[in-house]
Amino acid sequence: MPSSACEIQSESRNPEGLAMNVTILSTGLFPDTQTMTEAVSYLEAAHYVYRCDLREIGDREQEWDRVLEEILGADRVITV
């Protein structure tokens, strides 16, 4: 079985408790993925960031369930 295509990138919290839950979904739809990835990487310093490459999940139902849980619990969902 392949390794997970999804992972927690950062569990950082700022001292004021103002951290957001951010879900980043990699789809390959944006032509310059590198620029988009760099643009959102600053979020990892102060927020809980969950990143998932949707192209690599395939038919692994447990991973899709986790992605849905993260989307529903997110303050922001970013698609790159």
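Biologist: Which residues does I24 touch, not counting residues up to four places away in sequence?

Modeller: I24 touches V40, V49, Y50, R51, C52, I78 and V80, with neighbours up to four places away in sequence left out; contact means heavy atoms within 4.5 Å. This is a predicted model, in which local features need pLDDT of at least 70, side-chain atom pairs count only at pLDDT 80 or more, and totals for chains, interfaces and linings use all residues. Residues are numbered from 1 along each chain as its sequence is written, and side-chain values use heavy atoms, without hydrogens and water.

Biologist: Why is I24 called buried?

Modeller: Its relative accessible area is 0%, and buried means under 20% (exposed is over 50%, partly exposed in between, with a 1.4 Å probe and protein chains only); therefore I24 is buried. I24 is found in strand 2 (residues 21-26), a strand being a DSSP run of E of at least two residues, and a helix one of H or I of at least four, numbered from the N terminus.

Biologist: Why does R60 count as buried?

Modeller: R60 has 11% relative accessibility, so R60 counts as buried. R60 is found in the loop between strand 3 (48-53) and helix 2 (61-72). A polar atom of the R60 side chain lies 3.0 Å from the backbone oxygen of E56.

Biologist: What makes H47 count as buried?

Modeller: The relative accessibility of H47 is 14%, so H47 counts as buried. H47 is found in the loop between helix 1 (33-40) and strand 3. A polar atom of its side chain lies 2.7 Å from the backbone nitrogen of M20.

Definitions and conventions:
Polar contact = N/O pair within 3.5 Å; in protein donor to acceptor, adjacent residues only side chain to side chain.
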